[in-house]
Amino acid sequence: MSFYSQAFTHLSVQKKNHTLWVTLNNPEQSNAISLEMVDSLTRVLRFADFDSLVRVIVITGEGTSFCAGGDVKAMQNKTGMFAGESNELRMRYMHGIQQIPKCIEELSKPVIAMVNGPAIGAGCDLAMMCDLRIGTEKSKFGETFVKLGLVPGDGGSFFLQRVIGFSKAMQMSLTGDLVSGAEALNWGLLNYLVPVESLMAETEKLADKVAGNAPVAVQMTKKTMKMAYMNDLATILDLAAAYQGITQRTEDHFTALEAMKEKKAPDFQGR
């Protein structure tokens, strides 16, 4: 039995070609994040990042929601990740849901969010942690923590403003308003807006397009982009020089040069 074929709590996993499809699977609670989901998701993502056969990861939600964020019933009952008093809650966040942004930020493989429905609270933040987002008119984004008397405890304040800018992120965070459809595309919450009936097919096309590029170059380009928004020019130029020195001596680079000369599509091997 392969790693991906085992049973994961509140998560289903399928590998197709070079893409790993990771589906949040807690539809009764609109795919609200549980401690079990945190454990399943981080284990799968870390394994996939080291799997040379996986070049792209897609995260989506089962049913009609992408992710509703936190389980409101668990909040009311003070159970699960919401159990305990203030300091215990702080530790639960650090060792629980905050493991998701730490894990995703460390990934070298590109991550696409297929936002099939509402992405609310921590669900919105999860989508922002991904590298690309594709959705439909049914995709809705809400940084709704203030409406529940809370703050984004999972790092949403870090990721959201890096995706859509400080002003729009502040607007979403202070109002808790939902943004959907064409507005989400215009704001940058979505990179691609497609018809509802084409979401799966268009996501597959996008994943295949990214996976069809040279894997080492894709991973190092992603890392360079991530580092660039947190460092100065000199640091990024040094990193870019080192990464260029590595990629320019890969087999895939010379495969691309030969394919260009012969006017054909390159077959990259990740070496």
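**Figure 1. Packing of helix α1 against helix α4 in the predicted model.** Helix α1, spanning residues 35-49, and helix α4, spanning residues 99-106, pack at an angle of about 10°, and their axes lie 10 Å apart. Because angles under 35 degrees count as roughly parallel, α1 is described as roughly parallel to α4. On the α1 side, the contact is formed by V38, L41, T42, L45, R46 and D49. The α4 side contributes Q99, I100, C103, I104 and E106. Sorted by class, the contact of α1 with α4 comprises six nonpolar, two polar and three charged residues.

**Figure 2. The open three-stranded sheet β5-β7-β8.** The strands of this open sheet follow the order β5-β7-β8, and their pairing is mixed. From one strand to the next, the twist averages 15°.

**Figure 3. Pairing of strand β7 with strand β8.** Strand β7, residues 140-142, runs antiparallel to β8, and the two are joined by three bridges. Within this pairing, K140 is placed opposite S180 of β8.

**Figure 4. Helix α5 over the sheet strands β5 and β7.** Helix α5 is formed by residues 122-129 and lies across both β5 and β7. Relative to β5, the helix runs at about 100°.

**Figure 5. The crossing of helices α5 and α6.** The axis of α5 comes within 9 Å of the axis of α6 (residues 156-164), and the two cross at roughly 55°. That angle makes α5 oblique to α6. The crossing in which α5 passes α6 is left-handed. Residues D125, M128 and M129 of α5 meet G156, F159, L160 and V163 of α6 in this contact. By class, five nonpolar residues, one polar residue and one charged residue make up the contact of α5 with α6.

**Figure 6. The surroundings of F3.** Residue F3 belongs to the segment that precedes β1 (11-16). When its neighbours within four places in sequence are set aside, F3 is in contact with F8, R43, V44 and F47. Between F3 and L132 there is a separation of 129 residues in sequence, and their C-alpha atoms are 25 Å apart in space.

How values were computed:
Residues numbered from 1 in each chain as written. Predicted model: local features only at pLDDT ≥ 70, side-chain atom pairs only at ≥ 80, totals over all residues. Heavy atoms only, no water. Axes fitted to C-alpha atoms, helices over the stretch in contact; angles between N-to-C directions. Helix = DSSP H or I, 4+ residues; strand = E, 2+ residues; numbered from the N terminus. Parallel < 35°, antiparallel > 145°, perpendicular 65-115°, else oblique. Contact = heavy atoms within 4.5 Å. Nonpolar A, V, L, I, M, F, W, Y, C, P; charged D, E, K, R; others polar. Pairing = 2+ DSSP bridges. Left-handed = near helix turned anticlockwise from the far one by under 90°.
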